[in-house]
Amino acid sequence: GLVDAVAGIAAVGAAIAYASFAGWPAPAQRAVWMASVGALCGVARRFPGAWETWGAALLFVVATEPSMVDDIGCQLSFSSLAGILLVEPRIARLVPPDVSGLVRWCVKGLAASLGATLGTLPFVALTFQTVSPTAVVANLWALPWMATVATPAALASKLLPGSLGDFALQVFHLRLALPEQR
């Protein structure tokens, strides 16, 4: 009904706003198309699975900009999500039902990180001629950091005036002090 339509419009609007601020890179386009498919399906009371939504987004991204097939950002965005969709549910099913919510959450986080790493592995190896043995562990920190701190700070740096925007940009550039990998 009306609530679904408003929620869908809000989700698509937020995705478009984010993509606009980010300059419409492939991962942002994927997010916009996935939010759009989800919103349209929600209003129509049709509930496709994650794979159907993923496939529709891939189709729309490539149909609207065919050169995205060769874009490493597009390849990594879609392959990481595919890896998560393949690995996370399979590992999550192995957790006994009587395990605490915290343990279940940690296992799902590890499984998602492993899935994203495995999904992107062929593209990373082919494009960069190297793979990181610490990628799964690094993603456990990087993904939550990017989602909860870095991305909102980058968006705030564009919206806030003067020194507030500069401060938000400094927060965006913070990173965990880990030794450089060679």
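1. Let me begin with one tryptophan. W51 has 36% relative accessibility, so this residue counts as partly exposed (buried is under 20% relative accessible area, exposed is over 50%, and partly exposed lies in between, with a 1.4 Å probe and protein chains only). W54, at 16% relative accessibility, counts as buried. Both W51 and W54 sit in helix α3 (residues 50–64), three residues apart, about one turn of the helix. Helices here are DSSP runs of H or I with at least four residues, strands are runs of E with at least two, and both are numbered from the N terminus.

2. Before going on, a word on the basis of these values. This is a predicted model, in which local features need pLDDT of at least 70 and side-chain atom pairs count only at pLDDT 80 or more, while totals for chains, interfaces and linings use all residues. Residues are numbered from 1 along each chain as its sequence is written, and side-chain values use heavy atoms, with hydrogens and water left out.

3. How many aromatic pairs does a search of the whole structure find? The search finds three. Rings of Phe, Tyr and Trp (its six-membered ring) pair if their centres lie within 6.5 Å; planes under 30 degrees apart count as stacked, over 60 as edge-to-face and the rest as tilted. The ring centres of W51 and W54 are 5.3 Å apart and the planes stand at 75 degrees, so this pair is edge-to-face.

4. W54 also forms an edge-to-face aromatic pair with F78, at 5.9 Å centre to centre and 75 degrees between the planes. Because W54 lies in helix α3 and F78 in helix α4, the pair ties together parts that are 24 residues apart in sequence. W54 and F78 are both buried. Together, W51, W54 and F78 make one aromatic cluster.

5. Helix α2 (residues 26–43) and helix α4 (residues 72–92) pack at an angle of about 50 degrees, with their axes 7 Å apart. The axes are lines fitted to C-alpha atoms, for helices over the stretch in contact, and angles run from 0 to 180 degrees between N-to-C directions. α2 and α4 are therefore oblique to each other (under 35 degrees is roughly parallel, over 145 roughly antiparallel, 65 to 115 roughly perpendicular, and the rest oblique).

6. Which residues of α2 and α4 meet? On the α2 side they are A26, P27, R30 and M34, and on the α4 side G73, C74, S77, F78 and L81, where contact means heavy atoms within 4.5 Å. By class, the contact of α2 with α4 has six nonpolar, two polar and one charged residues (Ala, Val, Leu, Ile, Met, Phe, Trp, Tyr, Cys and Pro count as nonpolar, Asp, Glu, Lys and Arg as charged, and the others, Gly among them, as polar).

7. V43 is also found in helix α2, and at 44% relative accessibility V43 counts as partly exposed. Not counting residues up to four places away in sequence, V43 touches D4 and A5. V43 and L2 are 41 residues apart in sequence and 8.3 Å apart in space, C-alpha to C-alpha.

8. Finally, the overall picture. The protein has seven helices and zero strands. Buried residues make up 29% of its 182 residues, and the C-alpha trace spans about 50 × 50 × 40 Å along its principal axes.
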